[in-house]
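Keep the structure open beside you as you read.

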Amino acid sequence: MVQGSLSLGMIVALALLSTSGFSDGQTAVISQNKQAVRSLTIVDQNGRVALSGIASAESQLFDVTVAPGGSRVFSPNTLSISAGDTVRWTWQGSGHSVTSGSPCTADSQFCSPDDMNCSAGVLSDTGTIYTHTFEQAGDYSYFCVAHCLSGMTGTIHVAEILQPTAAVSRKTHGAAGDFDVDLPLAGTPGVECRTGGGTNDYTMVVTFDATVSSSPPPLAKVTSGMGDVGSGGIPNGGTVVVNGDIVTVPLTNIANAQTINVRLNGVTVGANTGNADISMSLLIGDSNGNGTVNASDVAQTKGRIGQALTTSNFRSDVNANGAINAGDVSIVKSHSGESVP
Ligand SMILES: [Ca+2]
Ligand SMILES: [Ca+2]
């Protein structure tokens with residue numbers, strides 16, 4: 001199954017459609033707004049806080065198929081997520097359960113279809129959807145009560161969340177050198193407005209507060225939005241470059257007019273190991289960075305024609321060739337009317 005982010009719309013739809021709800025069987029609403037990192041709360045239909053704990057900067061949704069094609073397995077049977085992420089199990093066969101515990105003894109931490117009477121082991125049929133949000137880091141085993149002895153088991157690895165100290169999208173503007181678009185770690189994502197060449201390549205530079213000592217190095221993944229870790233149109237499996245406290249992530253095939261989330265998996269800084277999320281919006285031509293390309297961006301870029309590049313005007317060099325000229329104005333005009341959803 002494809003994994004992806006929980007858009008707010010999806011969350012609301014899920015909350016409305018699913019009576020199985022989130023971790024406590026009650027309808028829940030998750031705010032994906034990064035401003036809610038420290039204050040994210042999930043409430044039930046009575047407004048009571050249903051879950052506690054610090055959620056991921058970008059709560060993500062991960063899918064597991066129960067009995068794909070009628071087989072007696074969970075697919076994938078091992079999944080790595082971050083604290084605050086939600087796992088969604090979807091039944092493709094009948095007569096199965098998701099029951100937490102070391103095979104084959106229920107520990108009643110979570111279970112399908114509604115987290116009730118876990119030790120009883122309720123079996124569900126094709127089409128059932130069960131979701132659970134993992135608030136605490138740790139390893140969670142689960143199994144199907146009917147088929148545990150034949151190996152129908154799974155594991156969810158839940159990592160801690162690590163907060164970087166800063167993140168930017170860096171491009172070299174010809175002889176003018178490197179310029180960075182700031183990527184705030186909370187609130188509205190930063191807008192990268194420059195073109196990415198024929199294969200839409202970008203470079204994310206993430207700084208931590210101490211040396212990154214992961215061994216093996218962290219692996220990056222685009223966990224929401226369209227794009228890959230890699231370069232020149234070729235995904236590289238998540239390989240990043242670590243240099244001291246800085247992790248550099250090459251990105252490619254990044255579609256325009258969208259927001260991506262990049263997750264660094266397995267970052268070790270000092271005594272802490274966890275995952276880090278960085279969001280970036282892509283909107284070519286949005287020189288003033290407000291999420292829409294319109295006459296304001298055209299006028300701003302026109303007004304900067306011929307200026308030497310500085311940290312305050314580089315966004316108008318939208319093709320990053322080191323000069324602001326009619327070519328940039330033309331690019332901005334060609335994207336007029338586009339916006340970040
Ligand atoms: Ca704009
Ligand atoms: Ca230019």
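## Gly 266 in its strand

Gly 266 is found in strand β21, which covers residues 258–269. This is a predicted model, so every description here refers to computed coordinates.

Setting aside residues up to four places away in sequence, Gly 266 touches Ser 214, Pro 218, Leu 219 and Thr 273. Take Ser 214 as one of these partners: Gly 266 and Ser 214 are 52 residues apart along the chain, yet their C-alpha atoms are separated by 6.9 Å.

## Thr 203 in β15

Thr 203 belongs to strand β15, residues 202–207. With 19 C-beta neighbours inside 10 Å, Thr 203 is classed as partly exposed.

Which residues does Thr 203 contact, once neighbours within four places in sequence are left aside? They are Ser 169, Arg 170, Thr 248, Pro 250 and Leu 251. As for Ser 231, it sits 28 residues from Thr 203 in sequence, with a C-alpha to C-alpha distance of 9.2 Å.

## An enclosed strand, β7

Now to strand β7, which spans residues 86–91. Five of its six residues are buried, so β7 is largely enclosed by the rest of the structure.

What are the pairing partners of β7? Strand β4 (residues 60–66) pairs with β7 in the parallel sense, over six bridges. In that pairing, Leu 61 stands opposite Thr 86 of β7. Strand β9 (residues 129–133) runs antiparallel to β7 and is joined to it by five bridges. Here Thr 90 stands opposite Ile 129 in β9.

## Helices α2 and α3

Two helices deserve a look together. Helix α2 (residues 295–303) packs with helix α3 (residues 326–334) at an angle of about 180°, and their axes are 9 Å apart. That angle makes α2 roughly antiparallel to α3. On the α2 side, the contact is made by Asp 297, Val 298, Thr 301 and Lys 302, while α3 contributes Asp 328, Val 329, Val 332 and Lys 333. Sorted by class, the contact has four charged, three nonpolar and one polar residue.

Where are the buried residues of α3? They are Asp 328, Val 329, Ile 331 and Val 332. Viewed down the axis of α3, these buried residues fall within an arc of 160°, so they line one face of the helix. The buried residues of α3 pack against α2, whereas Ala 326 and Ser 334, on the other side of α3, are exposed.

## The chain as a whole

Stepping back, the protein chain holds three helices and 22 strands. Of its 341 residues, 44% count as buried.

How much of the contact pattern links residues 24 or more positions apart? Among contacts with a separation of 6 or more, such pairs account for 65%.

Technical notes. Residues numbered from 1 in each chain as written. Chains lettered and ligands numbered in written order. Predicted model: local features only at pLDDT ≥ 70, side-chain atom pairs only at ≥ 80, totals over all residues. Axes fitted to C-alpha atoms, helices over the stretch in contact; angles between N-to-C directions. Helix = DSSP H or I, 4+ residues; strand = E, 2+ residues; numbered from the N terminus. Parallel < 35°, antiparallel > 145°, perpendicular 65-115°, else oblique. Contact = placed C-beta atoms within 7 Å. Nonpolar A, V, L, I, M, F, W, Y, C, P; charged D, E, K, R; others polar. Buried ≥ 20, exposed ≤ 12 C-beta atoms within 10 Å, placed from the backbone. Arc of directions from axis to C-beta. Pairing = 2+ DSSP bridges.
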